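Have the structure open as you read.

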Amino acid sequence: LCETEGFDGSPKEAARRLGGRITAEQAKQAIERMISLGLLEKTGLHLKPTQKRLTTRNDIADAGARHYFKQTMDLAVQAVDQIPLEQRECQSFSIAISKDKMSLAKQMIRKFRTQFSQLIGEGSADEVFQFNLQFFQLTETSSARTEKHALPMNQEINI
């Protein structure tokens with residue numbers, strides 16, 4: 001948001017530009033936290049990111065990361081109904097693969113994410129977009145299906 005044209009750096013403007021999804025007080029707290037963590041710096045009245053790109057290490061599974069992913073997925077659900085087609089792109093497909101290819105899939109996704117952010121994110125900006133990409137196992141393994149559907153010990157079956 002700090003890199004978009006016309007953003008004045010105020011918490012009130014941040015809350016307004018984010019469509020009221022957060023309050024000005026929440027924006028103020030977030031800005032202060034990012035300054036204290038060295039992610040933002042204040043120059044006069046303006047805020048500036050200290051890094052061009054910030055990312056976590058791969059395969060992080062802590063509670064904070066899980067919470068963040070859930071929040072961005074909730075935003076994606078809302079966007080399907082609230083954001084005009086011209087301002088969003090939603091794609092989804094299912095594919096059958098060997099589990100042995102999961103490592104390759106992760107490598108390809110990470111490479112694409114890096115290339116996408118470098119190419120699309122260069123130059124001036126006037127809006128902020130959220131990009132979510134999920135790739136996960138949809139089916140259960142055969143052993144999990146067997147365990148899930150197994151009858152408890154000593155249970156009778158009435159036919």
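Predicted model: local features only at pLDDT ≥ 70, side-chain atom pairs only at ≥ 80, totals over all residues.

## A partly exposed Phe

Phe116 counts as partly exposed because its relative accessibility is 32%; buried means under 20% relative accessible area, exposed over 50%, and partly exposed in between (1.4 Å probe, protein chains only). Phe116 sits in helix H4 (residues 102-120), where helices are DSSP runs of H or I with at least four residues, strands are E runs of at least two, and both are numbered from the N terminus.

Residues are numbered from 1 along each chain as its sequence is written, and side-chain values use heavy atoms, leaving out hydrogens and water.

The chain averages a pLDDT of 85 (the predictor's confidence in each residue, from 0 to 100). Confidence is highest in H4, at a mean of 94, and lowest in helix H5 (residues 142-149), at 60.

## Salt bridges

The count comes to three salt bridges, each a side-chain nitrogen of Lys or Arg within 4 Å of a carboxyl oxygen of Asp or Glu. One of them pairs Arg16 with Glu13, with the closest N and O atoms 2.8 Å apart. Arg16 is exposed at 55% relative accessibility, whereas Glu13 is buried at 13%.

Arg17 and Glu127 also meet in a salt bridge (3.7 Å, N to O). That pair links distant parts of the chain, 110 residues apart: Arg17 is in helix H1 and Glu127 in the loop between H4 and H5.
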